[in-house]
Structures are given as structure tokens and as C-alpha cells.
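Please keep the structure in view while reading the numbered points below.

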Amino acid sequence: MATDVPPPGLLSPKLNALGVTLAAGGATVRVWSQNATAVELVIFNEADLDWVTQAIPLQRGDDDVWQVTTDALTVGTHYAFRADGSDTSRFDKNQFLIDPYSRGLVQGHGYDDFRSVVVDTAFDWGHAVKPLIPLDETIIYEGHLKGLSKRHPDVPAALHGTYAGLGHPAMIEHFHSLGITTVELLPVHQFMSEPRLLQLGLANYWGYNTLNFFTPHAPYATIAARREGPSAVLREFKQMVKSLHEAGLEVILDVVYNHTSEEGPGGPTSSLRGLDDAAYYRQLPDSGEYVDTTGCGNTLNTATPAAARLVLDSLRYWAEEVQVDGFRFDLATSLGRDETHAFTAEHPLLQAILADPVLKTTKLIAEPWDVGIDGWKTGAFGDGWQEWNDRYRDRVRNFWLSDIDYARRASVAPAGIGGFATRLAGSSNTFAPDRGPLAGVNFVTAHDGFTMRDLVSFSTKNNLDNGEHNRDGADTNRSFNHGAEGITDDPTIRALRRKAMRNLFGTLLLSAGTPMITAGDETGRTQRGNNNAYCHDSELTWLSWQLAQWQIDLRAHVATLIRLRRENAALRPARFAELGRHVPGSSEMDWYDEHGETMASDRWHDPEHRTLQYFAAETPVAGKPHNRILLIVHGKESPIDVVLPTVAGVTRFRSLWSSEEESPLTDRTTFVAGDLVPLRGTAMHLFAAE
């Protein structure tokens with residue numbers, strides 16, 4: 001039977017159209033506050049952000065939404081809110097507060113002094129459309145908006161480190177030449193640097209300190225756009241997305257909805273805290289003490305429908321109005337915590353994102369943990385989500401690095417090859433069968449932690465320049481310096497490090513799952529052992545484009561591996577195979593030892609036996625070529641001769657790639673079953689099985 005009762009919670013139509021809605025002759029502005037007793041719209045002189053020209057009271061309506069319609073709001077208007085309430089410890093009627101739904105901001109005199117701006121959102125997208133790249137073809141490239149182009153010699157200096165710089169043809173050529181399909185940008189929402197960092201002469205470079213969920217970070221725009229104003233900044237951002245889409249490249253945003261730059265109770269008050277601190281941030285019900293599951297001072301309370309709706313509306317804005325292709329959710333566990341602060345995959349916000357007709361067509365990637373109680377949730381987000389696979393990262397690092405370090409000192413590694421094989425085959429012990437291997441975003445490095453070069457060059461972190469006496473950053477890195485800490489001239493150690501990077505890249509790009517590369521790893525970028533360089537906006541963190549020959553060779557290996565992944569569907573199954581059942585989209589796998597015999601059960605976890613041959617065959621589909629590969633993995637520093645196995649229907653094995661080569665060879669060798677493949681130490685070797 002039909003009902004006039006509106007849907008409850010965050011999808012209530014009474015929460016629609018928050019922020020400014022322009023109309024002929026003026027605009028309506030709406031803002032939510034449950035505990036305020038008065039809310040005021042403040043209009044400023046455009047040339048003097050301290051000069052209030054009008055103060056207009058808002059009227060309280062249904063669902064605690066305050067609104068007013070006025071001709072004082074037009075494109076270019078600078079405005080803010082002021083809110084008053086009975087709890088004077090939470091409300092300051094004189095504090096200017098930016099609109100949570102601001103599409104543009106301008107900064108005043110202080111680091112936390114901002115005004116909202118009404119922007120012109122018009123933009124001609126032409127024929128540009130979202131590439132909609134299938135998950136099994138996706139190669140994610142995680143990078144910093146500024147750092148990517150800041151030093152590129154073919155990007156004009158005026159565009160260095162900007163939105164326009166990232167969309168420049170020189171950057172597009174870089175992505176294409178590697179084979180990247182999807183660029184994942186560290187936070188580009190307007191953010192602030194913490195006062196502590198500013199006092200140290202540092203800055204928040206990564207951007208995980210969001211001021212506003214709708215506004216692009218203005219300092220990443222060109223000087224020309226910034227001078228023109230927030231509307232021009234937004235246009236430059238959209239032009240970047242358009243240029244990348246026209247080149248067939250996707251754009252994913254790393255979004256920080258779990259907390260804001262207002263920090264803990266003693267932090268700045270810029271927006272949500274002044275509008276309704278008790279409702280927007282997680283707190284204990286009796287004391288009002290903050291429940292901080294992010295480690296950043298506050299946690300957005302997504303159990304409050306209006307706070308959850310703020311996140312949902314922001315996502316819709318970026319996916320629809322700005323046309324981005326997906327999102328990586330920082331500390332996503334915090335977003336799925338209910339009113340008791342416990343995580344549930346059925347959280348209304350998480351389910352609303354999956355059900356949204358626009359958002360469900362985007363890539364949705366969870367960082368499946370936070371620092372709260374029971375915060376580690378890898379594998380728990382359910383169908384429709386992808387998740388950063390930290391279990392993959394740790395196992396791969398162990399196998400190629402810390403296990404080898406251990407074996408040098410104890411003569412035998414601490415673990416066999418079984419756990420590594422599980423990760424290579426798609427982490428079926430982490431992701432449910434209905435989700436498949438592509439639910440896992442595989443990575444070896446990310447923005448936080450060692451770069452790949454530092455991972456093979458440092459056994460301990462070197463974060464003294466961060467101003468925290470080397471206390472910050474992870475202490476457990478599963479890294480291995482191969483015999484000398486940091487820079488060394490020893491040719492043997494340097495060769496071992498280069499091969500270790502090739503083994504790590506080979507694993508990453510030949511594993512089942514969705515691979516993510518950290519920008520600069522493909523050319524051996526170093527941060528000189530700093531594994532938490534969030535506060536360095538300098539050459540330490542910007543990509544260098546001046547490459548030695550070994551860096552050019554490493555980049556060639558990465559491009560080759562990406563091409564081979566694209567050409568061999570057996571390497572990128574969408575589903576897990578099931579014994580005795582035909583599963584379309586899966587790869588049927590067989591495992592052999594170094595003698596070419598089927599892997600015995602006792603060998604999987606025997607640390608003396610760290611060699612396997614991984615045979616993967618694409619599930620046959622009528623009328624389609626049947627792709628098959630063989631991958632040899634040897635996880636010991638001692639040499640070995642591997643006997644190629646006899647596989648039904650395979651007459652030869654054609655070499656495609658080997659980590660033992662300093663530079664990828666163009667002339668490849670063909671082998672048959674029973675032939676010996678010599679490996680001089682830790683190595684990988686990929687073959688086409690024909």
C-alpha cells in the first residue's frame with residue numbers, strides 16, 4: 001500500500017539540497033544543525049573578508065534544517081555561517097563557519113581563516129566520457145597531485161605541480177607508456193596543515209587533514225586560476241579530469257571522510273564543530289569525550305544521518321558533477337561504525353553508497369582498518385567493495401625480503417611458500433567466493449611507508465627530519481637492506497637490490513587481484529629511508545625524471561610486466577576456481593615443485609622448499625583462445641635447476657619475462673617439458689604455455 005512517510009535517516013528528502021542552490025534572482029541556502037538555537041548567514045565584502053555587509057537569520061525547518069532564500073547570494077559571493085546554542089562550551093555566536101557544502105573557498109588572514117564562495121559550476125565536457133575500465137584490466141597508479149608533475153621537464157613550469165600539469169600531454173604519455181589505466185590521487189579536497197607542523201617549518205604534504213568535502217584544494221591550481229577565483233580552480237580540476245578521460249585514463253580520489261581538520265576539542269573551529277559539535281563528531285554520550293578511531297583528534301559520526309548524508313552527497317558531487325571514476329576511502333572502518341561505535345558492513349552509509357545509481361558504477365576501494373577497537377577489517381566490507389589487501393603486502397614483503405634476511409642469519413627461512421602462493425592466487429582465504437580475487441587491491445608499497453627502493457635498501461626507518469625524534473612511522477617494515485644500510489657502492493649489494501625490486505614488481509603484476517603501483521617505484525624513487533614523509537613538500541617526495549640506466553631498465557621491466565598482464569587473461573581471473581566445477585571468469589591452477597612434480601602437501605610449509613611452478617589456465621569459453629601461463633618462483637638465494645612440468649595439452653613453454661635480466665630481453669627462448677631452467681638465486685620466470 002502506498003505511503004506518504006518519507007524514508008528515514010540519511011536518505012530523507014528533508015536533507016536534500018543542502019548548501020547553496022542558485023535560482024533566478026538569488027539563491028536558497030540550507031544547513032543542518034540539531035542543537036543550535038539560532039543560525040545566521042553572513043555576507044562579506046569581496047575585497048575585505050573581515051567586512052560583514054549583511055547578516056541574515058535562517059529559519060529552522062523539518063529535520064533540523066535551517067534555511068533562507070535571499071538575493072544576497074550569487075556567483076562570487078563570499079559568505080559564512082554563525083551558530084548559537086544553549087551549550088556555550090560548544091557554540092560561539094561570533095565564530096565564522098564555512099558551509100559544509102561549499103563548492104569554493106577563499107583564505108583570509110590566518111591558516112584556519114576561510115570563507116565560503118558561491119561558484120559557477122558550468123563546464124563543457126564535450127565528448128569526454130568515463131572510461132569505465134573493467135576491474136580485471138585495471139592498473140592503479142597511486143600518486144600525489146603536486147609531486148607527479150612538479151619536476152617533469154616537458155611540463156611547462158607554470159603548470160608544475162598543478163591540476164593542469166597532471167592533465168598535460170607529457171604526463172598522459174608517461175601513463176600510457178607504462179600501461180597505467182587508473183590514476184589514484186592522494187587527497188585533493190581542500191585541506192590544512194596542522195599548527196604543530198607549521199611551528200616546525202613543515203607542512204601537511206599528503207593532505208589527510210580535510211577542511212571541506214566539496215572544494216578542490218586551491219594551492220594545486222595554477223596561479224592564473226587562483227587569481228581568477230574558486231570557479232576557475234574548479235574548472236581547472238574538471239579540465240584535468242576531461243583530459244585524462246579523453247586519453248582513456250580513469251581518475252580515483254583518495255578521500256578523507258573519517259575526520260576533519262578541526263582536530264580534537266582544542267583544535268580550530270572552522271565548520272562542523274561550530275555548527276553542531278555534539279552531532280557531527282563521535283563522542284561518549286554522558287561525558288562528551290571524543291571517540292577518536294582515526295588517531296587525528298576527531299571522528300566524523302556517520303551514525304548521525306546528516307553527517308552520513310554529507311559524505312554521500314560529497315561522493316555524488318565528485319562522481320557526477322566532476323566526473324571522477326572512483327574513490328579510495330581512507331580509514332574506511334570508521335565510516336562503517338554504528339551508534340555504539342562498532343563496525344558493521346550493513347551500516348546505512350556503506351549500503352547507501354552501494355545502492356546509489358551513480359556511485360555503484362564507480363570504483364569503491366576501502367582502506368579496511370582504523371585505529372579504534374576492533375578496527376582491522378580486511379575482507380569484511382562485502383560485495384561491491386574493493387579493499388586494500390595488507391595481508392598481501394605483508395606476505396610478499398616477508399617472502400622476498402625479511403625471510404631472506406632471516407635465512408642469511410639462521411641458514412633457513414622462517415616459512416615455506418604456501419602463504420605466498422595463496423596471495424599469488426588471489427587471497428581466497430581473505431575474500432569470499434562471491435567477491436573473487438579482484439576484490440583485493442594488491443600492493444607492496446603505498447604513499448605511507450618505504451618506497452620500493454627504500455624497502456630493499458633500509459632495514460630501519462630514518463624519520464628524524466619529521467621533527468618527532470624518529471618516533472613516527474611504522475617500526476615493522478619487513479624490509480631488508482641486503483647487507484648495507486642505505487646508499488652503498490658495493491656492486492653485489494646493488495645488484496641484489498635491483499633484482500629484489502624486480503621480484504617484488506613481478507609478484508605484484510603477475511598476481512591475481514587488482515594491482516596498485518606507487519608512483520615513482522617504477523624508477524626506483526628514494527625518500528632516503530623516511531617511511532612517513534607526509535610532512536615534506538620537497539624534492540624528497542616529488543618524482544624525479546632524471547634517471548640512471550638502471551632506473552630506465554627497471555621502468556622497462558614494469559612496462560613489460562603490465563603488457564604481459566594485459567595480454568594474458570590467465571593472470572587476472574575475476575572469480576576463484578572451484579574443484580570439479582566450471583566457473584566462467586576463473587583461472588584453473590596447478591602447482592608443481594622444482595622437479596616438475598605435483599606439489600606435495602608437506603612441501604607447502606617446509607622452509608627448506610621455497611620453489612614452485614604455478615600453472616594457470618583461463619577457463620575455456622567457446623570460440624575464445626585459451627590462455628595459459630607458467631610462472632616459476634624461487635625464494636632462496638642458493639641456485640637451482642628447475643625441471644619444467646608435463647602438462648596435458650601443452651607442447652612448449654615460451655619464455656616471456658625473467659627477473660634475472662637487468663633489462664628485459666627481446667629475444668626469448670622456447671622450452672619443452674623436462675627441460676632445465678637454471679636460476680642463480682631468488683628469481684621469477686614467466687612462460688606462455690602453448
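1. Eight strands, in the order β10-β11-β12-β13-β14-β15-β16-β17, close into a barrel with parallel pairing; here helices (H or I, at least four residues) and strands (E, at least two) are DSSP runs numbered from the N terminus, and two strands pair if DSSP finds at least two bridges between them. From one strand to the next the twist averages 30°, where axes are lines fitted to C-alpha atoms, for helices over the stretch in contact, and angles run from 0 to 180 degrees between N-to-C directions.

2. This is a predicted model, in which local features need pLDDT of at least 70 and side-chain atom pairs count only at pLDDT 80 or more, while totals for chains, interfaces and linings use all residues. Residues are numbered from 1 along each chain as its sequence is written, and side-chain values use heavy atoms, with hydrogens and water left out.

3. Arg328 has Ile365 in β14 as its bridge partner.

4. The structure holds 40 salt bridges, a salt bridge being a side-chain nitrogen of Lys or Arg within 4 Å of a carboxyl oxygen of Asp or Glu. One of them links Asp113 with Arg115, whose closest N and O atoms are 2.6 Å apart. Asp113 is buried, at a relative accessible area of 18%, and Arg115 is buried as well, at 2%, where buried means under 20% relative accessible area, exposed over 50%, and partly exposed in between (1.4 Å probe, protein chains only).

5. Arg337 and Asp370 form a salt bridge with their closest N and O atoms 2.8 Å apart. Because Arg337 lies in the loop between α9 (332-335) and α10 (348-355), and Asp370 in the loop between β14 (363-366) and β15 (386-388), the pair ties together parts that are 33 residues apart in sequence. Arg337 is buried, with a relative accessible area of 2%, and Asp370 is buried with 8%.

6. Glu662 forms a salt bridge with Arg498, and the closest N and O atoms are 3.0 Å apart. Glu662 sits in the loop between β22 (653-658) and β23 (670-671), whereas Arg498 belongs to helix α14 (residues 491-510), so this pair ties together parts that are 164 residues apart in sequence. Glu662 is partly exposed, with a relative accessible area of 35%.
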